[in-house]
Amino acid sequence: SSRGPGRTACLQAPETSVGMADPAQDGWSAGKVFDNQPTGYTYDDVVFMPGYSSFDASEVDMTGKLTKNISLRSPLVGAPSDMVTEAEMAIALALTGGMGIIHANQGIQEQCAMVKKVKLHVNGFILEPHVMSPHQTLADLDNIREKLGIGTVPITDSGLLAGKLLGIVSTRDADVWEDRGLQLHQVMVRNVVSAKEPLSLHEAMEKLKRAKVGKMPILDASGNCLVSMVVRSDFKKIRDYPLMSRDHSGKLVVGAAVPPLPDGSMDWPRASALAAAGANVLYVIGEGLDSQLDLVRKIKEELPTLDILAGPVASTREARRLVEAGADGIVAGNGCDAGPDPFAAPLPVAVGRGDATTVYEVAYYLTLNHDVPVTASGIRSSSQALLALGLGASAVMMREPLAGAEESPPGGLLAAQAILGNYAVQEHAPRAEERMGLTTRAVATQVASKGSVLAYVPYLFSGLRNGMRDLGFKNLKALHQGLDDGTLRMECRMHYASQLREACSQASKQAKHLEIMPAYATRGVA
């Protein structure tokens, strides 16, 4: 048969055996691979064909959408695992252009505290600065500094935000006075460098830079009332991490997981508390249960501006129900790949779908009918991430690659407690009775130390960029267009080839004399 175009064209005009449009074209279109055979594929079963490239990897733009309203310049998302993503991991991922989703295997207050810690790492517009009145004393300022670590405060006539700005007191203004009973109006700086609304964060930071001051109050349009503040400490972070993922106020973006309660009901108290703490997106985890759909609907009704990521799903039917309930993004993948993967079932399970087929089918359906982005879960390497992105995903969710990093929770063992229900339960869960009746279908395994995520994620990101260059696409939009029109070509590996390659890899690692290893074992098998 001839090698035809992508899926859309395949559905309109099926490929026939009469002639070939381009005899020199290698591989097959996605439509030919996925639609014409009753076979589900894992990531190890598919390989992309290299394309023509006339640009350098540094020119590749990897910006992808996590939800309808949130874009990431590095489409790498930390999975909500208690052995991977807490506040430190979420901060590191956001600094490098991705995002972390704080796990829910803890109390509501602990999870909210982690979300707040991420939001405070980069100040952006400080919308609620601590304000003092002119009649308070240096002793009051000392107490605030001891409790909150705040050394500089604006002074307003009412001592409240939205009051008339009178001056500002910094640490260097206060420390030179021995008498701590002095009132703040006696020591404050009255000629304050400020800016007026409306202005963007970039404009505010540029003015702060030109003025060479540490803090700058932002006033309302009248130029009198204090509304926010910006600080110089953000400059270094912006300079060192140009891909930083930030929201409209300049703070780091962060997500939080909301799994169902042990009885299967929705956890609205957790969702509402996380929204109040500042989470940019909530990952509503479930198996397509009615409680999951009810929670998505309730969040959209009560918090319409909050983005919802929902999943994981393995079929278009599940995805459709979640999108119709109000989900802004879908997580595709159920971890049913066979193979030596400690984060999926040790053996192929009876219910599920190959992850490559899942991502392709769900992404095609949602792009065609709802324009909702898809995040591929269960990604274990940069090559699998490239495959998932090439099959229609806009972001990838990683667990194993981030485990063992300095920013991941301590432990040494990555406890992959993937239980029925697809939400994890750790040994020190706040309520031990929640673990009763849950059937573990995964194993715990040791993972190698990977150093800091701040160095490791750019390495993964570089791998994605080089892969995009090899394919001949400069951005994800062009990659997805190539998937649709057949420009992106692919082939299927035989399962035996993947098994042999893994065996040869293990043999070469354990061999004492590599120079006498068979050639096929040292080179690997495609």
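This is a predicted model: local features need pLDDT of at least 70, side-chain atom pairs count only at pLDDT 80 or more; totals for chains, interfaces and linings use all residues.

Student: Why is Ser170 called buried?

Tutor: Its relative accessible area is 15%, and the limit is under 20%, so Ser170 counts as buried. Ser170 sits in the loop between strand E7 (165–169) and helix H6 (171–174); helices (H or I, at least four residues) and strands (E, at least two) are DSSP runs, numbered from the N terminus.

Student: What does Ser170 contact, leaving aside its neighbours within four places in sequence?

Tutor: Gly151 and Thr152, where contact means heavy atoms within 4.5 Å.

Student: And what makes Val284 buried?

Tutor: Val284, in strand E12 (residues 281–285), has a relative accessible area of 1%, so the label buried applies. Not counting residues up to four places away in sequence, Val284 touches several residues, including Val258, Leu295, Val296 and Ile308. Val296 is 12 residues from Val284 in sequence, with 7.2 Å from C-alpha to C-alpha.

Student: Why is helix H13 described as largely enclosed?

Tutor: Seven of the nine residues of H13 (residues 382–390) are buried, so the rest of the structure largely encloses the helix. Among them are Leu386, Leu387 and Leu389. The buried residues of H13 pack against several elements, including helix H12 (355–369), strand E15 (374–379) and helix H14 (453–471). Just after H13, Gly392 has a positive phi of about 120 degrees.

Student: How do you know which residues of H3 and H4 make the contact?

Tutor: The axes of H3 (residues 87–95) and H4 (residues 108–121) come within 9 Å and cross at roughly 35 degrees; axes are lines fitted to C-alpha atoms, for helices over the stretch in contact, and angles run from 0 to 180 degrees between N-to-C directions. By the contact cut-off of 4.5 Å, the residues involved include Ala87, Ile91 and Leu95 of H3 and Met114 and Val118 of H4.

Student: What share of the whole chain counts as buried?

Tutor: Of its 526 residues, 49% count as buried.

Conventions
Residues are numbered from 1 along each chain as its sequence is written. Side-chain values use heavy atoms; hydrogens and water are left out. Buried means under 20% relative accessible area, exposed over 50%, partly exposed in between (1.4 Å probe, protein chains only).
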